[in-house]
Amino acid sequence: MVLPTLHWGDEQADGSRWALMRTELPEARLNLTWRVWIFCAGISALTSLFVIVLILARRRLRGQTFNQFIVGLALPDLVFSALCTVTCSLNAIHGEYHGGDWMCGLQSFYCMYGFAGSIWMNVVIAWELYNMATSTAQLKTYRPPPTRLVVKRIAAVQFAALAFAALSFVPVLPSDVGRVRGLACFPVEYDVASTIFHWAVTMNLMLITPLFVILYYFKQVYDILLRKVDENDQDVVTVKL
């Protein structure tokens, strides 16, 4: 469900937290923000496309595991940035949010897919870095996963991100879409139940949990490599003595 946008002067636009999220900004600020987003999203889309094409076009590059993960990371960024450029361009051209409820639903879907797909691909990459650091610390040869397994992992993240993006369209869930300050459409809070769901599920799956997992793996990698350096230093001191 797409919630109606509020305007200053509306009875429901009372300045409360839930109402303020859906209360439209002044027209000048909307158009300025859309134009800035067009520039930023356009650059991001071109950069992501360049990275994907560069890696896939060169056999040596696409055969390397971490380059394959980078393609998986750039894919949701490309989808999000390209569609954001189109959406914001239509808004800037018409001087108002263009496309109505169907565009609002589409924008929320591709935004949530882009955010979730990108951060969970970072989780997969962090995990693989941890595996590589562990092998190095144990004096074992790091064996990267085969391409088929990498593709399966990337596909799993992409499909999970698509499923996550569709949560706002499940009727029984307290998660509806609205135009945040009139700028862009995302799942928004509108009552106590939606606020709980937003933070316990939406923000938890899209930001909080994956961020903590990434930090955990990088802390593990740091500790493993630091411990390895300390062991090497101790070996050097022993030899000198």
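Trainee: How many nonpolar, polar and charged residues are in the lining of the largest cavity?
Mentor: The lining consists of M112, F164, A165, L167, S168, S175, P187 and T202. A cavity is a set of points on a 1 Å grid over the protein atoms alone where a 1.4 Å probe fits but cannot get out, and lining residues have an atom within 4 Å of a point. With Ala, Val, Leu, Ile, Met, Phe, Trp, Tyr, Cys and Pro counted as nonpolar, Asp, Glu, Lys and Arg as charged, and the others, Gly among them, as polar, the lining divides into five nonpolar, three polar and no charged.

Trainee: This is a predicted model, in which local features need pLDDT of at least 70 and side-chain atom pairs pLDDT 80 or more, while totals for chains, interfaces and linings use all residues. Residues are numbered from 1 along each chain as its sequence is written, and side-chain values use heavy atoms, without hydrogens and water. How much space lies in the largest cavity?
Mentor: The structure holds one cavity of 30 Å³ or more. Grid points are joined across faces, edges and corners, and the volume is the space filled by probe spheres set on them. For the largest cavity this comes to about 40 Å³.

Trainee: Which element gives the most to the lining of the largest pocket?
Mentor: A pocket is an open set of points with protein on both sides within 12 Å along at least five of seven lines, and the largest holds about 200 Å³ of space. Among its lining residues are M112, P187 and T202, which also line the largest cavity. With four residues, the top contributor is helix 7.

Trainee: Which helix gives the largest share of the lining of the second largest pocket?
Mentor: This pocket has about 150 Å³ of space, and its lining is I55, L56, R62, Q68, V71, T147, V151 and I154. By class these are five nonpolar, two polar and one charged. At least two residues come from each of helix 2 (27–57), helix 4 (65–94) and helix 6 (147–165). The largest share, three residues, belongs to helix 6.

Trainee: Why does C104 pairing with C185 tie together separate parts, and how many residues apart are they in sequence?
Mentor: The structure holds one disulfide, a pair of cysteine sulfur atoms within 2.5 Å. C104 is joined to C185 with an S to S distance of 1.9 Å, and the link is left-handed, with -110° about the S-S bond. C104 lies in helix 5 and C185 in strand 2, so the tied parts are apart in sequence by 81 residues.

Trainee: How are helix 4 and helix 5 oriented to each other?
Mentor: Their axes, lines fitted to C-alpha atoms over the stretch in contact, are 9 Å apart, and the angle between N-to-C directions, on a scale from 0 to 180 degrees, is about 160°. The contact has 20 nonpolar, seven polar and two charged residues. Angles under 35 degrees count as roughly parallel, 65 to 115 as roughly perpendicular, over 145 as roughly antiparallel and the rest as oblique. Helix 4 and helix 5 are therefore roughly antiparallel.

Trainee: Which handedness has the crossing of helix 2 and helix 4?
Mentor: Helix 2 and helix 4 pack at about 150°, with axes 7 Å apart. A crossing is left-handed if the near helix is turned anticlockwise from the far one by less than a right angle, and right-handed if clockwise. The crossing of helix 2 and helix 4 is left-handed.
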